[in-house]
Structures are given as structure tokens and as C-alpha cells.
Amino acid sequence: MFPMAHVIMTHRRWAEVMNGQRSYPVKSGRDILRYLMEDFGDDVLWLESKRGNQLWYTDQKVMSIRLGEWIESGNNHDRVLKQSRPTEFNADLGIPIPTDRIDRANWILPKSLENIVDAHLISNGYLEENW
């Protein structure tokens with residue numbers, strides 16, 4: 001899947017990618033619901049969006065599906081810029097951690113926010129004691 005926070009395109013391109021092969025434009029909440037029901041069934045009407053259930057990543061799933069279709073449909077591989085992110089190995093976690101992101105898996109406030117492009121906040125990340 002593509003990471004949501006790092007997909008950037010013009011409004012026109014977004015509409016082209018997200019509408020895909022649909023015969024109607026997606027312009028309203030009703031259109032979005034119809035769109036989701038076509039892709040994921042009637043479950044989208046009843047599921048509460050909570051971490052761990054199938055709706056939690058719906059935005060990322062839909063965007064990744066549509067972007068993948070768009071890339072393949074018009075041989076648009078050269079129009080997609082894929083960049084690797086700077087990482088630093090975290091021995092405690094045993095995995096590389098992006099250095100351009102404040103992440104709740106490695107909640108450490110950097111000395112500077114100059115090169116930070118993203119944050120995955122902890123619950124109650126706005127409280128002073130979490131900083």
C-alpha cells in the first residue's frame with residue numbers, strides 16, 4: 001500500500017486517479033458512500049471505524065487500489081516518483097525508524113522540527129506530559 005501522508009498530486013490528477021473507471025464523478029458524501037459500497041460492500045454502512053477493524057485503513061486501501069490501477073492503466077510508471085525515506089536503526093525496537101517522522105512507536109521529540117515531514121501521534125499526544 002502507498003502511505004497516505006506522502007501522496008501528492010494536483011486536484012485534477014486526484015480526481016482522475018480516484019474516479020478510476022467510474023461513470024460518475026465523486027463529488028459528495030453520497031458519492032463517496034456509493035463508491036465505498038461498490039468496493040467493500042454494505043459493511044461500510046454498519047462498521048464503526050476503529051483501529052483493528054477493516055474500515056480503519058479504508059482511505060489508504062482505496063487510494064492504493066486506485067493509484068495502482070491508474071499506474072497500470074496508462075503506463076504511468078514514469079509519472080510516479082518513489083522516494084526512500086531517511087531511516088536510523090533503532091536497537092531497542094530492532095527495526096529502522098524514519099528520521100523525518102515523529103512516530104508513536106518511537107516517541108522521541110527531535111531537537112529540531114526542521115526536517116520533520118510527518119507525525120504519527122500517540123493517544124493524547126497534545127498533553128504536555130507527553131512532550
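**Group meeting: helices, a hairpin and a surface patch**

Helices here are DSSP runs of H or I with at least four residues, strands are runs of E with at least two, and both are numbered from the N terminus. What we have is a predicted model, where local features need pLDDT of at least 70, side-chain atom pairs count only at pLDDT 80 or more, and totals for chains, interfaces and linings use all residues. Residues are numbered from 1 along each chain as its sequence is written, and side-chain values use heavy atoms, with hydrogens and water left out.

Is Leu36 buried or exposed? Its relative accessibility is 18%, so Leu36 counts as buried. Buried means under 20% relative accessible area, exposed means over 50%, and partly exposed is in between, using a 1.4 Å probe and protein chains only. Leu36 and Val62 are 26 residues apart in sequence, and their C-alpha atoms are 8.2 Å apart in space.

Val62 is one of the buried residues of α3; others include Met63, Leu67, Trp70 and Ile71. These buried residues pack against α1, residues 11-19, and α2, residues 29-40; contact here means heavy atoms within 4.5 Å.

How far apart are the end C-alpha atoms of α3? They are 22 Å apart, which agrees with the 22 Å that 16 residues, 58-73, should span at 1.5 Å a residue. The expected span is 1.5 Å times one less than the number of residues.

Now the whole chain. It has three helices and four strands, in the order α-α-α-β-β-β-β from the N terminus. Of its 131 residues, 21% are buried.

On to the strands. β1, residues 87-90, and β2, residues 95-98, run antiparallel and are joined by four bridges; strands count as paired if DSSP finds at least two bridges between them. Phe89 has Pro96 in β2 as its bridge partner. Four residues lie between the two strands of this hairpin, and Gly94 takes a positive phi near 75°.

Last, the surface. Leu109, Leu113, Leu121 and Trp131 make a nonpolar patch of about 410 Å². Patch residues have over 30% relative accessible area and no salt bridge; nonpolar side chains (Val, Leu, Ile, Met, Phe, Trp, Tyr) are joined within 5 Å, and like charges within 9 Å. A salt bridge is a side-chain nitrogen of Lys or Arg within 4 Å of a carboxyl oxygen of Asp or Glu. Areas come from the Shrake-Rupley method with a 1.4 Å probe; for residues, only the protein chains shown count as cover. Leu121 lies in the segment after β4, residues 118-120, and is partly exposed at 43% relative accessible area.
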